[in-house]
Each structure stands twice: as C-alpha cells, then as structure tokens.
Amino acid sequence: MRNKLTPSILAIFLFTFILSSCSSFAPEPTFTPTTTIIPTATATPFSTATPILPTATTVPAPERAKYTLDTTLDYDAHTVAVDETILYPNHTGSQLNTLVMAVEPNLWEGGFTLSSISIDGTPTTTYSLEGQRLDIALADFFQPEQVMTINIRYSLLLPAIEETDPNVTRPRIYGYTKRQTNLTNWYPFIVPFINGEWVLHEPWYYGEHLVYEAADYEVNLKFTDPATAPIVASSGAPEPQADFTKYTITSGRSFAISASRDYQVASLQVGDVTVSSYYFPLRDFPGQAVLRTSAEAIQVFTQRYGPYPHKTLSIVMADFKDSMEFSALYFHSPLYYEQYDGDLMNYLTFIGVHETAHQWWYEQVANDQAQQPWLDEAMATYSERIYYETLHPDLVSTWWTYRVDFFQPQGFIDIPIYEAQGFEPYRTSVYLKGAHFFEELRARIGDEAFFAFMQDYLAQGRGKILTTTDFFRILSEHTSTDYSDIVRQYFQNIY
Ligand SMILES: [Zn+2]
C-alpha cells in the first residue's frame, strides 16, 4: 500500500507546476557566501558533452560522502534557500549510470522548488523528480572508487506542523509551529545502494522509512534577519563566523535543525561531550531532569557498548507530541515534560534514555528502519533496562511492569513497518516484545557473551548499515549456546 500523503500523480503534476513556475513561486537562493565556503559550484565550466570525472588517482575517494549546505532561513516567512554540494565517493563496487536521492520536502505540495543541478560543475537537466524520489541520469558511467561532486540549488516552503491522531499517524516533525521550526530530512541526500538497488522505501503512517549512509556534514546557516534570529539546536557542533554559523558533524546519519525564539538552554559536560537541553519557558524542572538523564545514559552506554561518537548532543522539547532521534539530537514529547513529577519511573526518563541509546543503535550502527525496524528500536528499548540496572537496580522490575508488560506485548518482532496493524501493535511488538527477546537471549547466553556481542556489533557495524542476518552472524561469534528456540518464538522469518 502506498501512503495517501504521496499520490504519484499529484507529485508529477506538482513537479510540472514547480518547474513551470520557478521564477514566481519562490525566491532564488540568497546565500551570499564568502570565498572560503563555496568551493567549486561555479568555478570550472566543463563541456556538457564530455564531463570530466575525477579519477581515483587524482582525487583519493574519501571514506564517506560530504554534504555542504549553505542555508539561509527566513524564520517568519518559513522559507529556506539552500546551495548544497555533495562530494560523493562511489563505494558501491558497481559502475553507476544514475544517482537516486531522497527529497522529503517534495512530499508537501509546493514544498520544494528546484533551481539547478550540476554534476562536476556541468549543469544537467537529465533528471526526474517524482514524490520523494529524484533520479539523476549520468552522462557517463561513474566508476567504483571515483568521486563525484553534485551541486543542487533549491528552496523550501516549510509546511505547518498539524495535529494528527496519534493512534493512526505519528506527528510530522518537519515544518513550523507558532514557536518552533524544524528542519529534518530537509535536504536531498543520496540513498544507499545495496545489492544492486537504490534503497528508498515509501513513507508510512508511523515508523521511519528512510535508510541512511553515514556522511560528514557542514551546514552554514544564516538568517535573513540576523537581528531577530532564533536560538538554534542542531546535529552539529557550532562555530560562529562573521555573518553565519558553521555546524559540523563527522559520520552522521541525518542533520537536523530546530529553531525557536523561546528556547531556554541548559548544558552539561560529559567528558568532551556537551549535552544541551532546549525547552520552552516554565519547563526548567523537566528540562534540567532530561539533561541529567541523557548525560547519565551517555556514561552508561559508553561503558557498556562503546564511546559516544560526537562532540554534542541536543535534547529538544518538541512542539508536537512525539519523540524522535536524529544524529546528535533528539526531539522529546512535550507530554513527558507536562507529566514529569520528579519520580524516576516516568516517560521523560524512559524515552530520554531510549532516544539517547539511538545514538548507538541508529546513529553508529544503522539499519533499514522500514524493513527491519526491530534492530534499532528493540535495542534502544532494551537499553532503557541497561540504564536502570546500572543506576537504579531496585527499579528494574517496576520498569518491566510499567513500561513493557502493562501493554501485553505480542506478535513477531521482525515485522516491517508496513505489516503492523497500526502504531500501537507496531510499538508493542517491535519495541516491547523486542525488549523481551533481548532479556531471554541474555539470560540464555550469559552476561559475558551478551555484552561482548553488543560491543562487537557496535564495532563491526559502526558507520555501516547492518541487517538481521549480520546480527545473528555476529552473535554466533560470541556463543556456542543454542538459542534457536528463542529465535523461533520471536521471529517470523528464518535468518
Ligand atoms: Zn526509538
């Protein structure tokens, strides 16, 4: 089934409309960079007939793609102008004649207006944009271990974030409310190429559908009116420049930005990591509490799994009723701030720990979130148990009762997002029954093998996209105990 939000016919119509109305529809990008930040986009006009591709001998292929996003945000008009440059190394092992990018802002009517695309400095018109999918046909084969530079200029018209029925559709995050603007999945990005196919799944009513390669990001963010610029939380470490701020993150999955003129900010240092909590006025008590919780969780997971990978972690009080992870940033539902009473058994803490754990399971080790969501969601949920057993061992049984078993979890845990009968059945199977799978597995193979496995899963998967098959392959390297009956009980497929 396709998502009702994205009928392809409408998308084709929209695309036609956008192309035919560029000049009147949205402003051209207005970013005026200094000479240090836009390297090549207009520097070298190549012949359109024979694009000159850099070779492996002249440009060594970097380990990951690098995205540079020169971004101008008009906070009050809800528009964004972007000049995006991607340095993309072909590590697919295949010669490619197309590139496929995810363009999530194009899921909104009039949300994405493309101005130009160029490949290695040569403008191209051989592309098609339909719904969230941008296909670029390449003039020549793109060989393995070569590097390509893609420049895309576009503008965004942000949608208003609307209230949704949480039992049917999880709230959308991208867009603006009266007091918050969120840029999530806001730039075109090259989707993974796995087993000969570009991986771009359809959106769904709940769950996440995108799959991310690790990449380096540099976001140069400026506001049209600096005098009224909001406070910014983002995935990157900030470095103020003359008239913009440069944010960088190394080996991230997705670069998120949240801006508001109302944020209060509190910060804590954990080793060399700065953890910051951004919350709305009158929410100091929960805003400070979740800051401490995430700081503790970083320490616990560093000790149990391996180090936190970034210099910052930002916790953002959402202006929509959900929590959601991005690289070095997570949104946290305002309901949890309202309900927080200082007790240790509460959703502000459960989900704060859960979203922090995604910085290991999602961020460092990624997975196909649409087809195999249990890999990050069950691990992040079970990581809540690890947090409680480490810091509040007397509360572990209450955590199971209140957080997990109250919902009587059932069903198989290895279902794609599209197979569940609604968000609640999805959550109880994948997240909650998933936590029971980890508990049973750990009891069977013992703590020593279990934590050696978790650490090795992190070490082998860091910067990669792992599968359920990888999970069981790595697990089998750490135990000779038979756990096949547990797998049969929790999994519908054979791995
Ligand atoms: Zn989660």
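The model is predicted, so local features need pLDDT of at least 70 and side-chain atom pairs count only at pLDDT 80 or more, while totals for chains, interfaces and linings use all residues. Residues are numbered from 1 along each chain as its sequence is written, and side-chain values use heavy atoms, with hydrogens and water left out.

Me: Why is T124 called buried?
Reply: Buried means under 20% relative accessible area, exposed over 50%, and partly exposed in between, with a 1.4 Å probe and protein chains only. T124 has a relative accessible area of 13%, so T124 is buried. Its place is in the loop between β5 (122-123) and β6 (127-130); helices (H or I, at least four residues) and strands (E, at least two) are DSSP runs, numbered from the N terminus.

Me: What makes T124 and T126 a polar contact?
Reply: A polar contact is a pair of N or O atoms within 3.5 Å; within protein, one must be able to donate a hydrogen and the other to accept it, and residues adjacent in sequence count only if both atoms are side-chain atoms. The side chains of T124 and T126 are joined at 2.9 Å.

Me: Which residues is T124 in contact with, leaving aside its neighbours within four places in sequence?
Reply: They are I117, S118, I119, I136 and A137, where contact means heavy atoms within 4.5 Å.

Me: How do you know that T122 and R427 are buried?
Reply: T122, in strand β5, has a relative accessible area of 6%, so it is buried. R427, in helix α8, has 10%, so R427 is buried too. Beyond its neighbours within four places in sequence, R427 is in contact with R403, F407 and L432.

Me: What makes H354, H358 and E377 donors of the zinc ion?
Reply: Donors are N, O and S atoms within 2.8 Å of the metal (3.2 Å for Na, K and Ca); water is not among the atoms, so sites may look incomplete. H354 (NE2), H358 (NE2) and E377 (OE) lie 2.0 to 2.1 Å from the zinc ion. Along the chain, the donors follow the spacing H-x3-H-x18-E. H358 is in the loop between α5 (347-357) and β24, and E377 is in helix α6, so this pair ties together parts that are 19 residues apart in sequence. Both H358 and E377 are buried.

Me: How do you know that the reach of helix α9 is close to what is expected?
Reply: The expected span is 1.5 Å times one less than the number of residues. Helix α9 (residues 447-461) has 15 residues and reaches 21 Å from its first C-alpha to its last, close to the expected 21 Å. Among its buried residues are F450, F451, F453 and Y457, and what covers the buried residues includes α3 (284-304) and α10 (468-476).

Me: What makes a space a cavity or a pocket?
Reply: On a 1 Å grid over the protein atoms alone, a cavity is a set of points where a 1.4 Å probe fits but cannot get out, and a pocket is an open set with protein on both sides within 12 Å along at least five of seven lines; lining residues have an atom within 4 Å of a point. Of the 24 residues that line the largest cavity, the closest to its centre are R172, I173, N185, G207 and H209. The largest pocket holds about 820 Å³ of space.

Conventions: Points joined across faces, edges and corners; volume = space filled by probe spheres on them.
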